[in-house]
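Me: I have a structure open and would like to go through it piece by piece. Can you keep the answers plain?

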Amino acid sequence: MIKSSGKIDKLLFYILVPSMFIAMYLIFIWSPQEKVMGEVQKIFYFHVGTAWVAFLAFFVVGFYSVMTLIKPKMNRFIYAGVSAEIGVLFTTLALLTGMIWGRASWNTWWSWEPRLITTLILWFIYVAYLFIRKMEGSWEKIAKLSSVFGIIGALNVPIVFMAIRWWNSKLHPVVFGEGKNQSGGGIEPEMLITLLFSIFTITILYIFLMRKGAQIEKMRDIVRKAKTKAMNRLAS
Amino acid sequence: MTSIFSDALTIAGKDLRNEFKSKQTIGMMVIFSALVILVFSFAFDPTNNMVRAVIPGLVWVITVFAGILGLNRSFISELENDSLTGLRSAPIDPASIYLGKVLANFTLVAVVQLISIPVLFILFGYRFTSSYFWFILILFAGTLGFIIVGTFLSALSANAKNSEMLLPVLLLPLLSPLMIAAVQATRIVLENEEIQNAVSWLQLMAAYDLLFFGACFILFEFLMEGS
């Protein structure tokens, strides 16, 4: 069991490192430059990748929350938590890269646009979820509480998106055009390949981080159990 | 099924009788909402025309801030003398505890609104010329959604030591779609715009209320099982 999981980790690692470099090459050298925005547009590949992983991570949290409620198991609880932690990281990255890009192309750090606000609210829900997990108490209790919040939070995301879309479309109709690359429709095939490849790389990174994080959490759990055992023995 | 409602009414009655005897929470909530109005009068000069623009937002800001105070107490007060364990071990459906608390909290917040919103209009010199029916309907739908989610999260955060701090952090991001809809609908009604626009926001609020009421009603059981 441990051996095979080690092999998977190694395999992931050896896929991850070269594909990182290939992604860098594709992004910075191979893919053509965008006409209007120039080099700034390169951040697009990271931005879409991190945003995609942020939403994927949230979906995973929701999935494992439901699973934990159906049958509480340590593994499911750990996966939900690690995924939320990675989700916070990637949501932050997506927001930051988006802000840098927005500053360059829209000339403002922040615009109150549906996708941005949804991502920001998603970030807040993630952080709140992590606060619940930091509560004191037995893991079964926290697993239940956090799963319940995870489900409610996941329900909220589509409603937020819809609400903000309605809100904005009333105030100012579509300003930035369809698609974030502003090319007006369509995307160069080289760009598309680069984009898909960087999304692939970042997803691999997510899976890798997820496995590592889960391993660390499991070790922590083993240490905690050993500690309480030792304490009990000392006390008696 | 009917027993859920009668049990819920019993629990709500207990909470409300307790509250109207002591008047602690409700007094605090009214004073707090008045203070929020006062602080906002420094932020937005109430003498100029800006008032009309900020009133719809203010109605909801005072509701949410004062409501959070009351929601905090809703389950914490049950921790004294371990009353929560009593409720939990009573031969009733856990959902009826939730329903009862929702009723009690809703009544509390509605009473606070009944005082604080007229005070807001008077202090900001706002002349109400819109339809009472739509205004009250929007207040009802928005407050109900706020209480539905708030009561649920209040039960959740009561498990934590720092529950007073945890509740707003959990609640506000979840409320964001409801607050957008409520503020927009209130603005449309107060500015006497076409009511048709407010109706679509009302539908959103109704969908939010129904969805979260269903989810919280089912999931509340898990909150009561814990510890």
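**Helices and contacts**

Reply: Helix 5 of chain B passes helix 8 of chain B in a right-handed crossing. A crossing is left-handed if the near helix is turned anticlockwise from the far one by less than a right angle, and right-handed if clockwise. Helices (H or I, at least four residues) and strands (E, at least two) are DSSP runs, numbered from the N terminus. This is a predicted model, in which local features need pLDDT of at least 70, side-chain atom pairs count only at pLDDT 80 or more, and totals for chains, interfaces and linings use all residues. Residues are numbered from 1 along each chain as its sequence is written, and chains are lettered from A and ligands numbered from 1 in the order in which they are written.

Me: At what angle do the axes of helix 5 and helix 8 of chain B cross?

Reply: They cross at roughly 110 degrees and come within 8 Å. Axes are lines fitted to C-alpha atoms, for helices over the stretch in contact, and angles run from 0 to 180 degrees between N-to-C directions. Helix 5 and helix 8 of chain B are therefore roughly perpendicular to each other. For the wording, angles under 35 degrees count as roughly parallel, over 145 as roughly antiparallel, 65 to 115 as roughly perpendicular and the rest as oblique.

Me: Which residues meet there, in helix 5 and helix 8 of chain B?

Reply: From helix 5 of chain B they are B:Pro94, B:Ala95, B:Ile97 and B:Tyr98, and they meet B:Cys216, B:Phe217, B:Phe220, B:Glu221 and B:Met224 in helix 8 of chain B. Two residues are in contact if their C-beta atoms, placed from the backbone, lie within 7 Å. By class, this contact of helix 5 with helix 8 of chain B has eight nonpolar, no polar and one charged residues. Ala, Val, Leu, Ile, Met, Phe, Trp, Tyr, Cys and Pro count as nonpolar, Asp, Glu, Lys and Arg as charged, and the others, Gly among them, as polar.

Me: And how do helix 6 and helix 7 of chain B pack?

Reply: Helix 6 (residues 132-157) and helix 7 of chain B pack at an angle of about 165 degrees, with their axes 9 Å apart. They are therefore roughly antiparallel to each other. Their crossing is right-handed. The residues of that contact between helix 6 and helix 7 of chain B divide into 17 nonpolar, seven polar and no charged.

Me: What about helix 3 and helix 5 of chain B, at what angle do they pack?

Reply: At about 145 degrees, with the axes of helix 3 and helix 5 of chain B 10 Å apart. This crossing is right-handed. The contact of helix 3 with helix 5 of chain B has 10 nonpolar, seven polar and one charged residues.

Me: New topic. Where does B:Asn81 lie?

Reply: B:Asn81 is in the loop between helix 3 (51-79) and helix 4 (83-89) of chain B. B:Asn81 has a positive phi of about 55 degrees although it is not a glycine. B:Asn81 counts as exposed, with 8 C-beta neighbours inside 10 Å.

Me: What is the phi of B:Asp82?

Reply: About 60 degrees, so B:Asp82 also counts among the exposed residues, with 10 C-beta neighbours inside 10 Å.

Me: How many helices and strands does chain A have?

Reply: Chain A comes to six helices and zero strands. Of its 236 residues, 33% count as buried.

Conventions. A residue is buried if 20 or more other C-beta atoms lie within 10 Å of its own, exposed if 12 or fewer, and partly exposed in between; C-beta atoms are placed from the backbone.
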